[in-house]
Amino acid sequence: MPPRDIDTITALLRAVHPRIDVQKLTVSHPGVDDDGIWYFSHPDVPFEVQLESSAGTFPFLVESDRNAERAIVHDPVEASHLIATWLGLSE
């Protein structure tokens, strides 16, 4: 079975930024509540970036608590670059 898109994004980010932390939302009612939200953070950054997709596959909605920007991504490289950029880890 090929990796899910979220796993590919995580691997791309960790290859360049090994200290990046990825946490999946823990829901109160598994199987009922949508748990398709992943939070990306870094110990040197005071905010996080969130990816949302029910199945962990493209497209993903990208948001951050840094600002009110939102984006939709359709590609692992695009997603990993946007996360790193929004975390201030790359230009």
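The side chain of Ser80 reaches the backbone oxygen of Val77 at 3.1 Å, a polar contact in the sense of a pair of N or O atoms within 3.5 Å, where within protein one must be able to donate a hydrogen and the other to accept it, and residues adjacent in sequence count only if both atoms are side-chain atoms. The model is predicted, so local features need pLDDT of at least 70 and side-chain atom pairs count only at pLDDT 80 or more, while totals for chains, interfaces and linings use all residues. Residues are numbered from 1 along each chain as its sequence is written, and side-chain values use heavy atoms, with hydrogens and water left out.

Ser80 lies in helix α2 (residues 76-86); helices (H or I, at least four residues) and strands (E, at least two) are DSSP runs, numbered from the N terminus. With a relative accessible area of 11%, Ser80 is buried, a term that stands for under 20% relative accessible area, against over 50% for exposed and in between for partly exposed (1.4 Å probe, protein chains only). Neighbours within four places in sequence aside, Ser80 is in contact (heavy atoms within 4.5 Å) with Ile9, Leu12 and Leu13.

Helix α1 comprises residues 5-16. Its 12 residues should span 16 Å at 1.5 Å a residue, and the end C-alpha atoms are 17 Å apart, which agrees; the expected span is 1.5 Å times one less than the number of residues. The buried residues of α1 are Ile6, Ile9, Thr10 and Leu13. Seen down the axis of α1, these buried residues fall within an arc of 100 degrees, so they line one face of the helix; the arc is that of the directions from the helix axis to the C-beta atoms. An α-helix has 3.6 residues a turn, so residues three or four places apart point the same way. The cover over the buried residues of α1 includes β1 (21-24), β2, β3, β4 and α2.

Strands β2 (residues 37-41) and β3 (residues 49-52) run antiparallel and are joined by 4 bridges, where pairing requires that DSSP finds at least two bridges between two strands. Tyr39 has Gln50 in β3 as its bridge partner. Strand β3 is also joined by 4 bridges to β4 (residues 60-64), again antiparallel, and Val49 stands opposite Ser64 in β4.

Ile37, in strand β2, is buried at a relative accessible area of 13%. Ile37 and Gln23 are 14 residues apart in sequence, and their C-alpha atoms are 8.5 Å apart. Beyond four places in sequence, the contacts of Ile37 include Gln23, Lys24, Leu25, Gln50, Leu51 and Glu52.

Ser64 counts as buried at 11% relative accessibility. The Ser64 side chain reaches the backbone oxygen of Glu48 at 3.0 Å and the backbone nitrogen of Arg66 at 3.0 Å. Among the residues in contact with Ser64 are Phe47, Val49, Glu69 and Trp86.

Rings of Phe, Tyr and Trp (its six-membered ring) pair if their centres lie within 6.5 Å, with planes under 30 degrees apart counted as stacked, over 60 as edge-to-face and the rest as tilted. By this rule the count comes to 2 aromatic pairs. The rings of Trp38 and Phe60 have centres 6.3 Å apart and planes at 75 degrees, so this pair is edge-to-face. Trp38 lies in β2 and Phe60 in β4, so the pair ties together parts 22 residues apart in sequence. Phe58 and Phe60 have ring centres 5.2 Å apart and planes at 90 degrees, so this pair is also edge-to-face. Trp38 and Phe60 are both buried, Phe60 at 1% relative accessibility.
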